[in-house]
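Here is a short briefing on one protein model. Look over the sequence and the fold before reading on.

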Amino acid sequence: MPIFEYQCKECGHVTSFLEKAGSRKAHPCEQCGSRKTEKLISTFAARVGGSSSESSSCPTGTCPLS
Ligand SMILES: [Zn+2]
């Protein structure tokens, strides 16, 4: 399950959530309870999820993720 990070726009605290892709659940800040959170791209989750393709360079140059 991927990890998503949400940064609170009120206090700046970043909360990490494990959730299914496409989930529309609310993710209130765990520190202040504000619902004004912004989804961040988690490099940690991307790295874990892409463990089978460690190389960051695409040999064909057509990789959509590169
Ligand atoms: Zn907050």
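A residue counts as buried when its relative accessible area is under 20%. By that cut-off, 18% of the 66 residues of the protein are buried. The model is predicted. A zinc ion is coordinated by four cysteine SG atoms, those of C8, C11, C29 and C32.

**Fold and surface**
- The protein has one helix and three strands.
- Along the sequence, these elements run β-β-β-α.
- The accessible surface comes to about 5300 Å². Carbon and sulfur atoms hold 53% of that area.
- Among contacts with a separation of 6 or more, 33% join residues 24 or more positions apart.

**Zinc site**
- The SG atoms of C8, C11, C29 and C32 lie at 2.3 to 2.4 Å from the zinc ion.
- What spacing do the donors follow along the chain? The pattern is C-x2-C-x17-C-x2-C.
- C8 and C29 link distant parts of the chain, 21 residues apart. C8 sits in strand β1 (residues 3-8). C29 sits in the loop between β2 (14-18) and β3 (37-40).
- Why is the arrangement tetrahedral? The four donor atoms subtend angles of 105 to 121° around the zinc ion. Four donors count as tetrahedral if all angles lie between 85 and 135 degrees, so the arrangement qualifies.
- For four tetrahedral donors, the ideal angle at a metal is 109.5 degrees.

- C8 is buried, because its relative accessible area is 3%, under the 20% cut-off.
- C29 is also buried, with a relative accessible area of 5%.

Conventions:
Residues numbered from 1 in each chain as written. Predicted model: local features only at pLDDT ≥ 70, side-chain atom pairs only at ≥ 80, totals over all residues. Heavy atoms only, no water. Helix = DSSP H or I, 4+ residues; strand = E, 2+ residues; numbered from the N terminus. Buried < 20%, exposed > 50% of the residue type's maximum accessible area, 1.4 Å probe, protein only. Contact = heavy atoms within 4.5 Å. Areas by Shrake-Rupley, 256 points an atom, 1.4 Å probe, with all protein chains shown as cover. Donors = N, O, S within 2.8 Å, 3.2 Å for Na, K, Ca; no water. Tetrahedral: all angles 85-135°; square planar, octahedral: opposite > 155°, others 65-115°.
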